[in-house]
Amino acid sequence: MTDRDGAAGQRHADHADEAGDRARPADRRASGPLSSLDPVAAYERRTTRIREEIARNRRGEYTVPTWVLALALAAVIGVWLLVLFVL
């Protein structure tokens, strides 16, 4: 996909990664036993996971959750049975 200027979207993903690196201070990461209870550390871990997931999705590494696939399969089988036995 290209943007208005005709450039590929990878440039934006690289820029977002650089901006994320600058936004995260390295000295805020605590590795002690109380780090799991620290709300600031928990917030930073969560935002880091979200940023990494968005970056993976932009690279095309997204996957469909198993429950969605199972639900779609059940719907297809249900419609098939409905057509065979009701109509």
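Mentor: Keep in mind that the model is predicted.

Trainee: Which residues of α2 are buried, then?

Mentor: Ala41, Glu44, Thr47, Thr48 and Ala55 are the buried ones in α2. They sit on the same side of α2, because they cover an arc of only 130° around the axis.

Trainee: Why do residues three or four places apart point the same way?

Mentor: An α-helix has 3.6 residues a turn, so residues with that spacing point the same way.

Trainee: How many residues does α2 have, and how far does it reach?

Mentor: Helix α2 covers residues 39-58, which is 20 residues. From its first C-alpha to its last it reaches 28 Å, close to the 28 Å expected at 1.5 Å a residue.

Trainee: What follows α2?

Mentor: Gly60 follows α2, and its phi is positive, near 90°.

Trainee: Switching topic. How many salt bridges does the structure hold?

Mentor: The structure holds one. Arg59 pairs with Glu61 in a salt bridge, and their closest N and O atoms are 3.2 Å apart.

Trainee: Is Arg59 buried, exposed or partly exposed?

Mentor: Arg59 counts as partly exposed, because its relative accessibility is 48%. Glu61 also counts as partly exposed, at 45% relative accessibility.

Trainee: Back up a bit. How many helices and strands does the chain have?

Mentor: The chain has three helices and zero strands. Along the sequence the pattern reads α-α-α.

Trainee: And how much of the chain counts as buried?

Mentor: Of its 87 residues, 10% count as buried. The accessible surface of the chain is about 7800 Å², and 62% of that belongs to carbon and sulfur atoms.

Trainee: Which residues make the nonpolar surface patch?

Mentor: Leu73, Ile77, Val79, Trp80, Leu81, Leu82, Val83, Leu84, Phe85, Val86 and Leu87 make a nonpolar surface patch of about 1200 Å².

Trainee: Take Val83 from that list. Which helix does it lie in?

Mentor: Val83 lies in helix α3, which covers residues 66-85.

Trainee: Why does Val83 count as partly exposed?

Mentor: Its relative accessible area is 46%, and partly exposed runs between the 20% limit for buried and the 50% limit for exposed.

Definitions and conventions: Residues are numbered from 1 along each chain as its sequence is written. This is a predicted model: local features need pLDDT of at least 70, side-chain atom pairs count only at pLDDT 80 or more; totals for chains, interfaces and linings use all residues. Side-chain values use heavy atoms; hydrogens and water are left out. Patches are made of residues with over 30% relative accessible area and no salt bridge: like charges are joined within 9 Å, nonpolar side chains (Val, Leu, Ile, Met, Phe, Trp, Tyr) within 5 Å. Accessible areas come from the Shrake-Rupley method with a 1.4 Å probe; for residues, only the protein chains shown count as cover. A salt bridge is a side-chain nitrogen of Lys or Arg within 4 Å of a carboxyl oxygen of Asp or Glu. Helices (H or I, at least four residues) and strands (E, at least two) are DSSP runs, numbered from the N terminus. Buried means under 20% relative accessible area, exposed over 50%, partly exposed in between (1.4 Å probe, protein chains only). The expected span of a helix is 1.5 Å times one less than its number of residues. The arc is that of the directions from the helix axis to the C-beta atoms.
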